[in-house]
Amino acid sequence: VYQCEVVVNTSPPVMATGSVTLDVTVPDFMVFVSPSGPIQGAMVGSPQVINCTVSTVNGVESSSVMINWMRPGGGSISNDSRVTISPTTSGGNTYISSLQFMYLLKGDEGTYMCNVMILDTIGSASVELESLTVPAPNVSVTATSSLIV
């Protein structure tokens with residue numbers, strides 16, 4: 001509560017007071033990604049899903065929750081034929097967005113960031129996709145014999 005008092009020096013003095021009450025609500029929320037920790041040893045060519053989960057303490061309108069995925073180097077990720085971002089789904093006080101790779105490329109290594117904004121409050125979580133392995137090629141050898149006379 002803020003109060004203001006005004007006194008005008010007249011004869012007789014004139015006094016006026018007023019008050020204002022501000023009620024500020026800050027959304028409390030946590031952001032985490034799964035799998036957590038670095039994702040190591042994923043196979044090039046295999047699919048990979050990274051989930052971003054937002055848990056709020058207070059109920060928040062789903063239209064107030066914005067989840068954005070950022071690629072290594074800071075560029076925004078958008079859907080293409082290989083990488084899709086699922087729409088944000090909600091269940092109670094939990095919101096989930098998934099970053100889905102149809103297949104991984106060696107160039108996908110790096111830190112992926114899930115940025116969340118709820119009513120002008122920002123939070124984020126990240127995960128490192130590292131040490132992607134290239135599958136060994138399938139090589140078959142057929143033995144033949146020949147007789148030299």
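Guide: Let's start with a definition: a residue is exposed when its relative accessible area is over 50%, and buried when that area is under 20%. Keep in mind that the model is predicted.

Visitor: OK, so is Asp 120 buried or exposed?
Guide: Asp 120 has its place in the loop between E10 and E11. Its relative accessible area is 72%. The cut-off for exposed is over 50%, so Asp 120 counts as exposed.

Visitor: What is the phi of Asp 120 near?
Guide: Asp 120 is a residue other than glycine, and its phi is a positive value. The angle is near 70 degrees.

Visitor: And is Leu 119 buried or exposed?
Guide: Leu 119 lies in the loop between E10 and strand E11 (121-130), and has a positive phi near 50 degrees. Its relative accessibility is 52%. Anything over 50% passes the cut-off, so Leu 119 is exposed.

Visitor: Which residue forms a disulfide with Cys 52?
Guide: Quick reminder: a disulfide is a covalent bond between the sulfur atoms of two cysteines. The count here comes to one. The two sulfur atoms are 1.7 Å apart, and the cut-off is 2.5 Å. The partner of Cys 52 is Cys 114.

Visitor: How many residues apart are Cys 52 and Cys 114?
Guide: Cys 52 is in strand E5 (residues 48-56), while Cys 114 is in strand E10. So this pair links distant parts of the chain, and the gap is 62 residues.

Visitor: Is that disulfide left-handed or right-handed?
Guide: Look at the torsion about the S-S bond of Cys 52 and Cys 114, which is about -65 degrees. Both cysteines are buried, by the way. With that torsion, the disulfide is left-handed.

Visitor: Which kind of aromatic pair do Phe 101 and Tyr 112 make?
Guide: A search of the whole structure finds one aromatic pair. The ring centres of Phe 101 and Tyr 112 are 5.6 Å apart, with the planes at 80 degrees. Planes over 60 degrees apart have their own label, so the pair is edge-to-face.

Visitor: Which strands hold Phe 101 and Tyr 112?
Guide: These two are eleven residues apart, and the pair links distant parts of the chain. Phe 101 is buried at 4% relative accessibility, and Tyr 112 is buried too, at 2%. Phe 101 belongs to E9 (residues 94-101) and Tyr 112 to E10 (residues 110-118).

Visitor: Which residue lies over the face of Tyr 103?
Guide: Its distance from the ring centre is 5.5 Å. The cut-off is within 6 Å. The residue over Tyr 103 is Arg 82.

Visitor: Is the peptide bond from Ser 34 to Pro 35 cis or trans?
Guide: Pro 35 is found in the loop between strand E3 (29-34) and strand E4 (39-40). The omega of the bond from Ser 34 is near 5 degrees, and the bond is cis.

Visitor: What is omega near for the peptide bond from Ser 11 to Pro 12?
Guide: Pro 12 lies in the loop between strand E1 (2-8) and strand E2 (14-20). The bond from Ser 11 is cis, with omega near -5 degrees.

Visitor: Which residue in E10 is the bridge partner of Asn 68?
Guide: There's an open sheet of four strands in the order E4-E11-E10-E6, with mixed pairing. Its edge strands are E4 and E6 (65-70), each pairing on one side only. E6 and E10 pair in the antiparallel sense over six bridges. Asn 68 has as its bridge partner Asn 115.

Notes
Residues numbered from 1 in each chain as written. Predicted model: local features only at pLDDT ≥ 70, side-chain atom pairs only at ≥ 80, totals over all residues. Heavy atoms only, no water. Phe/Tyr/Trp six-rings, centres within 6.5 Å; stacked < 30°, edge-to-face > 60°. Buried < 20%, exposed > 50% of the residue type's maximum accessible area, 1.4 Å probe, protein only. Lys NZ or Arg CZ within 6 Å of the ring centre and 35° of its normal. Pairing = 2+ DSSP bridges.
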